[in-house]
Amino acid sequence: MQIPQPYLLFLGDVTDPLAAKTARGILSWRPELCVGQYRLNSDTVSVGLTDLSLQEAKQQGAKTLIIGTANAGGFLPQTWLETLKHALELGFNIASGLHQRLADIPSLNQTAKENHCQLFDVRHYDQPLEVGNGKKRQGRRLLTVGTDCSVGKMYTSLAIEREMKAQGLRAQFRATGQTGILIAGRGISVDAVIADFIAGAAEAISPAFTDHDWDVIEGQGSLLNPAYAGVSLGLLHGSQPDAMVLCHEVGRQHIRHFPHMSLPSIQETIDVNLNAARLTNKNAGFIGICLNSSSLNQDDALALCKKMEQQYQMPVTDPVRFGVATIVNNLLSI
């Protein structure tokens, strides 16, 4: 999947700022790809870009209309259909991370075909995949893993890619979730892949390479999460990481959505990931820990990072507050 760039970010008519997290994520990490925003009315949330009409955005070179909002259930509101059809008639491609497939909406599918445009349902992947084979391939890879889901793996991966580039390394972010794919313009949403092919999908996301230094692969779920461990394990085996970074939310007491299950310890998470990773890369190792320390004030967060560095003998940071330079420096020293 390769989504044509640049983008016009479509915000529809949503009024909840949290609903625009997809658009905000794209703008935060790939601002150079965002021509502007399109809102259906003045009450709609804004991500701070220039409001453009479809015609204005097309004139400025936008190639794909990105549905930059999420809603409960992941369905496309019927009130948006005429706008999306008009975008297709003007030559826009449309990309969506919603559960509902754009291609399953007859009017959109027909209009896209008539105007030779593409509909990208990034949460879904229908192309052929092979099962993982575990064979060593060229190139070096870093994978983010977590004590749970939703602990900052995508943010950490993107922060590491950015820091690597700032330090002169040729790094490429490899997306494995819908928002990451919209940011990168390509990737496979591994949680939508049939279980037997998850490792193979990871191998396809990061094939052999010699034209850059590192692939930074976005992690998913957690090996110790009862709902998502299967996806995490397949991604881990297929990624064959040379380096791993552990992500953790400070203060979280239990597995997300499972109050009957305590959050695993950091050491337990390190151990289980090392054991699994070494099936396909016997030299896999951890190079750092990234914390979401938003529950602490900045001084306490910094003190915790320093304490944990002593405990685990590797750099520990909050990528939002303190950046990830120490982790990339550690990688370069290995």
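## A look inside this predicted model

At 4% relative accessibility, Ile-198 counts as buried (buried means under 20% relative accessible area, exposed over 50%, partly exposed in between, with a 1.4 Å probe and protein chains only). You're looking at a predicted model, where local features need pLDDT of at least 70, side-chain atom pairs count only at pLDDT 80 or more, and totals for chains, interfaces and linings use all residues. Residues are numbered from 1 along each chain as its sequence is written, and side-chain values use heavy atoms, with hydrogens and water left out.

Back to Ile-198: you'll find this residue in helix H7 (residues 198-205). Helices (H or I, at least four residues) and strands (E, at least two) are DSSP runs, numbered from the N terminus. Setting aside neighbours within four places in sequence, Ile-198 is in contact (heavy atoms within 4.5 Å) with residues including Val-190, Gly-230 and Leu-235. Ile-188 sits ten residues from Ile-198 in sequence and 9.8 Å away in space, C-alpha to C-alpha.

Thr-83 is buried too, with a relative accessible area of 13%. Here are both residues side by side.

| Residue | Helix | Relative accessible area |
|---|---|---|
| Ile-198 | H7 (residues 198-205) | 4% |
| Thr-83 | H3 (residues 81-89) | 13% |

Leaving out residues up to four places away in sequence, Thr-83 touches Phe-10, Tyr-38, Leu-40 and Leu-54.

Now for the sheet. Five strands make an open sheet, ordered E2-E1-E3-E4-E5, with parallel pairing; two strands pair if DSSP finds at least two bridges between them. Strand E2 (34-39) and strand E5 (119-121) are at the edges with a single partner strand each, so one side of each has no neighbour in the sheet. On average, neighbouring strands of this sheet are turned by 20° against each other, direction ignored. Axes are lines fitted to C-alpha atoms, for helices over the stretch in contact, and angles run from 0 to 180 degrees between N-to-C directions. Helix H1 (residues 21-29) packs on the sheet and touches E1, E2 and E3, its direction making about 155° with that of E1. Strands E3 (residues 64-67) and E4 (residues 93-96) run parallel, joined by three bridges; Leu-65 has Ile-94 as its bridge partner in E4.
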